[in-house]
Amino acid sequence: MSLEMEQRIAKLEQEMMGLRKELEDLKCQQSVTKTSTLSAEKSMIEQSTLKPAPNLKPKPNPEPNSKPNPKQMSAPEKKVQPQRTLEERIMWALPKVFMVILVMGVLWGLKLISDYGYLSNEVKIILAYVLSLALAVIAYVLERRKVGSLAVTISLYGGAFIVGILTTAAGAILYEIIGLTLALVIAIVYIGYGIAISFLKKNEVLTVFVAFTSLLLPYLLEYMDFSPVIILIYVIVLFTMLQFVIHQHKQKLALYIATFFSVLAISIETFMNNDNQAVFAIGLLVVLSIFYTSWCRLYNVASTWKYIHVGMQFSLGLFSLLLMNFISRPIEYGEALLLVLVSLFAIFAGYGYKQKWQEAFDSAVTLAFITLFNTLLIMNLPGKVDHLLIPFIVFAGVMMSLRLRASIMKAVGSFLFMIVLAINFSIHEPAPFFSINHASLVMPGIYLLIIYLYARRPKETLTVFEQFMKDMYVIDILALITTSYFLAYIGKIDATYFADVSNIPHLMCMLTALLFVGSLLVPIKYKGRALTPALSVFFLLFTLMLVAIPYNMQGVAWLNIVTRIVYIAVIVAIIVDLLKKGRIYQIYQVQLEKLLDPIVSAGVVLTMIAVKGLIFQLAYNGILDWKLSIVFSTITLFLTASVALWLSSGRHLRALRLTGFIILIIAFVKLIFFDLSALDLLIRAILFMTVGGIGLLLSGRLLKK
């Protein structure tokens, strides 16, 4: 809010307080007059009528310790600052929009007249100057006579400035009518006029127009072959003069826009000149020093817009750092300039800490660290250190956006981080194991984990952007992305150090199983809503493809066997937990009350398939004789059927009971039609005795139930 608006609000509040005081005085006078009138009428009535004998009872004396009832003080009314409605804001902005349209129309009209040959270039420039002066005179007359609104007057003043600056540039550069020195003098006069009008009229939009248009003059100076040092001095002096207007009227938006165009003007002039690079870099540092000084003077920690202001100064700091990189690159010892910028951010952080500006302190510290690591990037460091620093710099920006809860910073920082993450993962390999190349793969995963843990912290209230992100499952997807990155990293470890014939990522499969169990044990508020469903899909897929299907048996024998054992242990552990109503059952009790029977049945079947796959794997690798593999396979069927029937009998699981009977039928079919012909007499006898014993135990158990 500009100082002009604040003064208007304060004036309205004073008038409201005066009106309330006068109203209270009138009420008091009316009440006194009414009371005196009533008392007079009452006395006249009492005198004209007979009065009864008065009650001579003595009044009770007040207790010495009694206190008079205090008067109830009304709570002070809260001052409500009037806010402009949307319609009022539109009406206030319309004159400025129409002024720009008018200026553009007049200029195009003059050009059209010139194209048809009615007016020469000299006459056209003169008419443009006349228009500029006429707009200023009309604004002055309207202001003196108090005709029209303030918005129209300010628009006229601004239009005069814009027309004058554009006419000067056109007359000097396009038409070459005005001498360059005279054009410079006229432009400086107009700039002085613009700054003076901005100071007197206290309008932030006018200040923005003046700052933007005045900072176009460096390109005119460049065209006039002025010394780059003079151009730099002009930008710094102009930016400094604007600070008087900005400070006087608390125009924060004008500060950001003026800083942006000042930094941009210095950068463009630097790229257009191959000499004096160090001078332009120093000038950029001076502009940034002035900006942060002004920002500290204008910053209000109690403002509801403080996060936006912190985000704006952070964005300008990053933009300036980017430009400083380009400017200082060809300069010898350019690292010293970046170290000066680090010192500037450090001083800003120290001032924010002293003033107890937590958000500003966080922003400044982050900028200091980013600049410091950026300085290290251009130094003669060991090879590939920049591969570590670049992800860290982007990570620091994301953490800063989360700390400040700045929506735009979150979106931009997250987008950049994902790009860096994808590029980093694609170009690095975990070989050799102890190397920067390998560390460049590990660190982004750690950054993802830190970002997720910080992003899911509980918050008292959510902003509109945060609520939208929550509804879009962004935090839940982030948990899935973090887990996927770690799994992909383990997959690279597999491919590099445990590559086999079929290129099966055994370590990644085992980690998937362990992460799946871990996700089942963690409440949803910690892991999100998308991680467990996604891991369950991959777990089932790997169970069928890697553990159960026999043709995926090539590769490292011990790693394949260990993978199968891990999957068997995971499935059995989940079944036991569900049947014992352990931690997993308690977390998902609502969902498991109806799905317990089919889930346990599916788990029993998967366990049986996994055990059979392990038996065939042992036989394939020559660890187990093929005849014994047939025996153990049949025993596995009977044991699975027995366990299924035993568990179903005590817990009334109908689907599990049906599963047990089906597996039992399959076991009998296999035993009679396949095993009798494939086994010799000794193994056949051992198999039948084992199966018979299992059957007797099962029958006794079932009959007992």
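Which residues form one aromatic cluster?

1. The structure under review is a predicted model. Its aromatic cluster is made up of Tyr256, Phe291, Tyr292, Trp295, Tyr299, Phe345, Phe348, Tyr351 and Trp357.

2. Leucine 242 deserves a separate remark. Leaving aside residues up to four places away in sequence, leucine 242 touches Ile195, Val210, Ala211 and Ala258.

3. In total, 20 aromatic pairs are present in the structure. One of them joins tyrosine 190 and tyrosine 193 in an edge-to-face arrangement, with 6.5 Å centre to centre and 90° between the planes. Both tyrosines belong to helix H5 (residues 180-201), and because they are three residues apart there, about one helical turn separates them. Tyrosine 190 is buried, its relative accessible area being 11%, whereas tyrosine 193, at 22% relative accessibility, counts as partly exposed. The cut-off explains the two labels: buried means under 20% relative accessible area.

4. Phenylalanine 260 and phenylalanine 261 also form an edge-to-face pair, with centres 5.3 Å apart and planes at 80°. Phenylalanine 260 counts as partly exposed, at 29% relative accessibility. Phenylalanine 261 is likewise partly exposed, with a relative accessible area of 24%.

5. Charged side chains placed over aromatic rings should be noted too. The charged end of arginine 457 sits over the ring of tyrosine 454, at 4.0 Å from the ring's centre. Lysine 492 lies over the face of phenylalanine 425, and here the distance from the ring centre is 4.5 Å.

6. Helix H3 covers residues 121-145, which amounts to 25 residues. From first C-alpha to last, H3 reaches 36 Å, close to the 36 Å expected at 1.5 Å a residue. Its buried residues are Lys124, Ile125, Ala128, Tyr129, Ser132, Leu135, Ala136 and Ala139. Just after H3 comes lysine 146, which takes a positive phi of about 60°.

Conventions: Residues numbered from 1 in each chain as written. Predicted model: local features only at pLDDT ≥ 70, side-chain atom pairs only at ≥ 80, totals over all residues. Heavy atoms only, no water. Contact = heavy atoms within 4.5 Å. Phe/Tyr/Trp six-rings, centres within 6.5 Å; stacked < 30°, edge-to-face > 60°. Helix = DSSP H or I, 4+ residues; strand = E, 2+ residues; numbered from the N terminus. Buried < 20%, exposed > 50% of the residue type's maximum accessible area, 1.4 Å probe, protein only. Lys NZ or Arg CZ within 6 Å of the ring centre and 35° of its normal. Expected span 1.5 Å × (residues − 1).
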